[in-house]
Each structure stands twice: as C-alpha cells, then as structure tokens.
Amino acid sequence: GFIFNLKNSNSISYELYGPLEADTTSISDMYQGSFDSDQLLQIVNKGFGLIWDGASIECIDTAKVSIGSYLMYNNPYKLSFYIATGVPIVIWSKAAEANFVIENKIGIVVDSLKDLEKEIKKISEQQYEEMKQNVKIIQNQVLNGNYTTRAIDSALDIINKR
C-alpha cells in the first residue's frame with residue numbers, strides 16, 4: 001500500500017514494477033508494468049533498489065504487528081534480487097538485513113521514506129560508485145549460490161550435531 005503514497009520529486013524518481021490489483025492511475029508516472037524475474041534482471045540497472053513494505057512510507061509501527069513486520073525478521077527476496085541486478089539498496093533501518101547493507105556498504109538505511117530524498121542528496125557520485133562496486137562483490141556470490149550453499153551447510157552441521 002505504501003507505493004500509493006510515493007511522490008516523484010526533482011531529485012527522486014520512482015520506477016515501480018510488479019503485478020497490481022489496484023488502479024494504477026495515481027502512480028501512472030511511476031508504474032512500469034509487470035515482468036518475469038529474468039526480464040526484470042535486465043531492466044532494473046540503475047538507481048537504488050527499495051526494500052520496503054506496509055501501508056505507509058513509515059514502513060510499520062514497531063509497537064504493533066503489521067504487514068511490514070516481516071522485514072524485521074527475514075531476508076527478503078528483494079535483497080537478493082537487487083544485488084543480482086547490481087544496484088545499491090535502500091532499506092528500512094529496523095529491517096533484519098539493514099546491518100548487512102551497512103556492514104557491506106551496499107546502500108543506505110532510512111527510518112522513513114520521508115528521509116530518502118535528504119539521504120540520497122548526501123551521497124556523492126563517488127560514494128554511489130563505491131556502493132555499486134561493493135554490490136558487485138556480493139553479486140557474484142549471490143549469482144553463484146554461495147549464500148545458499150552456506151545456509152545448507154550450516155543446516156547440515158546443526159542436524160549432524162544432534
């Protein structure tokens with residue numbers, strides 16, 4: 001639901017992809033349509049990949065369980081997808097993967113999408129290019145299945161220790 005609260009500005013232009021059941025009239029200048037994953041990997045190649053959920057640009061109220069709460073606990077598909085495309089990430093500061101983004105210097109974290117324009121303006125072209133290079137390092141690991149292999153190996157180690 002948050003996408004219907006997004007607004008393009010002079011410094012931020014959103015491109016939205018995916019199936020929508022709602023009327024897209026209010027976001028027609030941002031909505032690019034729905035594509036399968038392989039096509040989308042070729043299309044998404046600039047800017048930042050946004051990992052957000054919930055009904056508002058505030059993501060969720062952490063005092064209540066809401067649709068966006070899952071970001072606090074899981075590793076969303078979108079993170080791997082955006083890394084596979086080679087673009088830096090924008091993620092909610094309380095998301096489980098926010099520290100991964102910070103530690104690997106592959107994007108920015110924000111408390112609210114209201115802060116996004118201010119945070120992006122702080123990033124120099126050189127800093128953005130460094131983020132892209134850092135994403136590329138992880139991109140190879142994602143595309144080669146290294147994280148999946150590590151997760152399976154860890155699970156097997158736990159099972160074998162029982």
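## Basis

In this predicted model, local features need pLDDT of at least 70 and side-chain atom pairs count only at pLDDT 80 or more, while totals for chains, interfaces and linings use all residues. Residues are numbered from 1 along each chain as its sequence is written, and side-chain values use heavy atoms, with hydrogens and water left out.

## Fold and surface

Six helices and five strands make up the secondary structure of the chain (DSSP runs, H or I of at least four residues for helices and E of at least two for strands, numbered from the N terminus). Their order along the sequence is β-β-α-β-α-β-α-β-α-α-α.

Of the 162 residues in the chain, 35% are buried (under 20% relative accessible area, 1.4 Å probe, protein chains only). Among contacts (heavy atoms within 4.5 Å) between residues at least 6 apart in sequence, 52% join residues at least 24 apart.

## Largest pocket

The largest pocket holds about 1100 Å³ of space. A pocket is an open set of points on a 1 Å grid over the protein atoms alone, where a 1.4 Å probe fits, with protein on both sides within 12 Å along at least five of seven lines; lining residues have an atom within 4 Å of a point. The volume is the space filled by probe spheres set on the points, which are joined across faces, edges and corners.

The lining has 34 residues, with E15, L16, Y17, L50 and Y82 nearest the centre. Elements giving two or more residues to this lining are β1 (16–17), α1 (37–43), β3 (49–51), α2 (77–85) and α4 (116–121). The largest share, four residues, comes from α2. By class, the lining has 22 nonpolar, eight polar and four charged residues (Ala, Val, Leu, Ile, Met, Phe, Trp, Tyr, Cys and Pro count as nonpolar, Asp, Glu, Lys and Arg as charged, and the others, Gly among them, as polar).

Technical notes: Buried means under 20% relative accessible area, exposed over 50%, partly exposed in between (1.4 Å probe, protein chains only).
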